[in-house]
Amino acid sequence: MPASATKTRRVAVLADSDTRWKWGALTANRISPDDSDIRLDGFLLRGRATPTARQLQEVGVHADSLREVSAVEFLRTMAQGSYDVLVLALVGGGVQAMLHGLKRVWEEQPQRPVVVTGYVGVVYEKLADGLLLRHGADLVLANSRQDAERFRAVYDGVGADSSAVTEVALPFLGGAPYPGEHDPYTVVFAAQPSVPDSRKDRTYLLNRLIQHARKHPEREVLLKLRSKPGEHTTHIEELPYQKLVQRLDPPANFKLVYGNMGEVLDRTDLLVTISSTAALESLHRRIPTVVLSDLGVREVLGNHHFVGSGCLASWDQLDDGHSPTPDEEWVSRQGVCADGSYATAFDAARERIAKLLERPGGVPALTPYYTPATAPGYLPGILARHHLGPDGSPLPGAPAHDSEPGPVRQIVRRAARGAYRHGVQRVAPVIRRMGEL
């Protein structure tokens, strides 16, 4: 539906975790015209990773409204709403379920929003699976030239329309370029919730970080954490570094930090990680950046994505003063835009959305690659996880499909989510250790 005469663009973002909310909300702003206001309504899909108030505050993205919904509640809202753009910031299965649900609720409407989806960072696993689950959106955003090429190759390879693939960049890049060494020189390790996933490997990384702090007492060494114990992010964290560090005796120049990654990078002289997207934020600002090779360069760690970057190094090398030099060609293919082209990185997406909104007769119907005919053994299970039938309609007994959740139901949901998180972070590791005896 065309933007109003006052050039206010109405955008809805549906997200299922803190990082996806950050990506979705920032993307919504990046793809809006420079000369328009944006009315941003946020929806948090109820689940194990629904962000807490603290996590939302840390993301630092403002929304005009923000509420928690089930899939069926969200679809009901979309059937009644009047948005210009909808950003689906979800895991692949969630995107596919919403595409089918939205196709059903919009089938009788002459106009509908433009649907946008994509990935929050580096795509290093389940490329075909994740892409085909996102097929059907009007725009499938690729965060780099390399991703755009890979995405189109997958779609073309299965005979799916690849025209929705649109090259952009990561929406959360920015900040001042690296000004040179700070006083004190600051080393930041960007932790990840699920990489690596074993106690042995996580303890090793923590010990090496503390060892680096002891070897360089003149430096400030920070462990940048994504969440506090009990909170969930995009990935499950069973062994929080906060718990592991309690058994150690770190020096005074070693600290745990939370907060917005951009603010931490403002004082960073060396960013170290296994494979976090923070590495791309750091490279964008030309901060010295290291992707660790200590645990091997392996697909399961995601650091294989950085082969050719010039950033791979070990803690031994860092202890001896190594400073990496990134490969400029590799960096330019990753959507990092360290050359100053970031301002125009979203132009193609803006132009595509504008054409769709101005299309005579409205935006065409959604046409996902997966249908009950093309994937009868796969699609129904994906839809059922969100309480939707094969045709995208709510299944009998779907939660709250006919009413808003009351205060008692909200309390029960919060308690159940807390119990789930407790089970993942405390009970499950104990059971696993018992099984290893």
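Reader: Before anything else, what does "partly exposed" mean here?

Author: A residue is called buried when its relative accessible area is under 20% and exposed when that area is over 50%; partly exposed covers the range in between. His-387 has a relative accessible area of 36%, so it is partly exposed. Please keep in mind that this is a predicted model.

Reader: Where does His-387 lie?

Author: His-387 is located in the loop between α14 (379-384) and α15 (407-435). Its phi is near 65 degrees, which is a positive value in a residue other than glycine.

Reader: And Arg-286, what is its phi?

Author: The phi of Arg-286 is near 60 degrees, again positive in a residue other than glycine. Arg-286 belongs to the loop between α10 (278-284) and β12 (289-292). With a relative accessible area of 45%, Arg-286 is partly exposed.

Reader: Let's step back. How many helices and strands does the protein have?

Author: There are 15 helices and 13 strands. The protein has 437 residues, and 53% of them count as buried.

Reader: What share of the contacts comes from residues 24 or more positions apart?

Author: Among contacts with a separation of 6 or more, such residues account for 74%.

Reader: Now α6. Why does its length agree with what a helix should span?

Author: Helix α6 has 13 residues, 145-157, and at 1.5 Å a residue it should span 18 Å. The expected span uses one less than the number of residues. The end C-alpha atoms of α6 are 18 Å apart, so the two values agree.

Reader: Which residues of α6 are buried?

Author: Those are Gln-146, Asp-147, Ala-148, Phe-151, Val-154 and Tyr-155. Their cover includes α5 (127-134), β6 (139-142), β7 (165-167) and α12 (328-333).

Reader: How do α5 and α6 cross?

Author: Their axes come within 10 Å and cross at roughly 75 degrees. Angles of 65 to 115 degrees count as roughly perpendicular, and α5 and α6 are therefore roughly perpendicular to each other. On the α5 side, the contact is made by Leu-127, Ala-128, Leu-131, Leu-132 and Arg-134, while α6 contributes Arg-150, Phe-151, Val-154 and Tyr-155.

Reader: How many of those are nonpolar, polar or charged?

Author: Seven residues of the contact are nonpolar, none is polar and two are charged.

Reader: What follows α6?

Author: Gly-159 follows α6, and its phi is positive, near 80 degrees.

Reader: Changing topic: which peptide bond near Pro-184 is cis?

Author: The bond from Asp-183 to Pro-184 is cis, with omega near 5 degrees. Pro-184 sits in the loop between β7 and β8 (186-190).

Reader: And what joins Val-195 and Pro-196?

Author: A cis peptide bond joins them as well, with omega at about -5 degrees. Pro-196 is part of the loop between β8 and α7 (199-215).

Reader: One last proline, Pro-33. What does it touch?

Author: Leaving out residues up to four places away in sequence, Pro-33 touches Arg-9 and Arg-350. Pro-33 and Arg-9 are 24 residues apart along the chain, and their C-alpha atoms are separated by 8.6 Å. Pro-33 lies in the loop between α1 (18-30) and β2 (37-45).

Reader: Is Pro-33 buried or partly exposed?

Author: Pro-33 is partly exposed, because its relative accessible area is 25%, and buried would require under 20%.

Definitions and conventions:
Residues are numbered from 1 along each chain as its sequence is written. This is a predicted model: local features need pLDDT of at least 70, side-chain atom pairs count only at pLDDT 80 or more; totals for chains, interfaces and linings use all residues. Side-chain values use heavy atoms; hydrogens and water are left out. Helices (H or I, at least four residues) and strands (E, at least two) are DSSP runs, numbered from the N terminus. Buried means under 20% relative accessible area, exposed over 50%, partly exposed in between (1.4 Å probe, protein chains only). Contact means heavy atoms within 4.5 Å. Axes are lines fitted to C-alpha atoms, for helices over the stretch in contact, and angles run from 0 to 180 degrees between N-to-C directions. Angles under 35 degrees count as roughly parallel, over 145 as roughly antiparallel, 65 to 115 as roughly perpendicular and the rest as oblique. Ala, Val, Leu, Ile, Met, Phe, Trp, Tyr, Cys and Pro count as nonpolar, Asp, Glu, Lys and Arg as charged, and the others, Gly among them, as polar.
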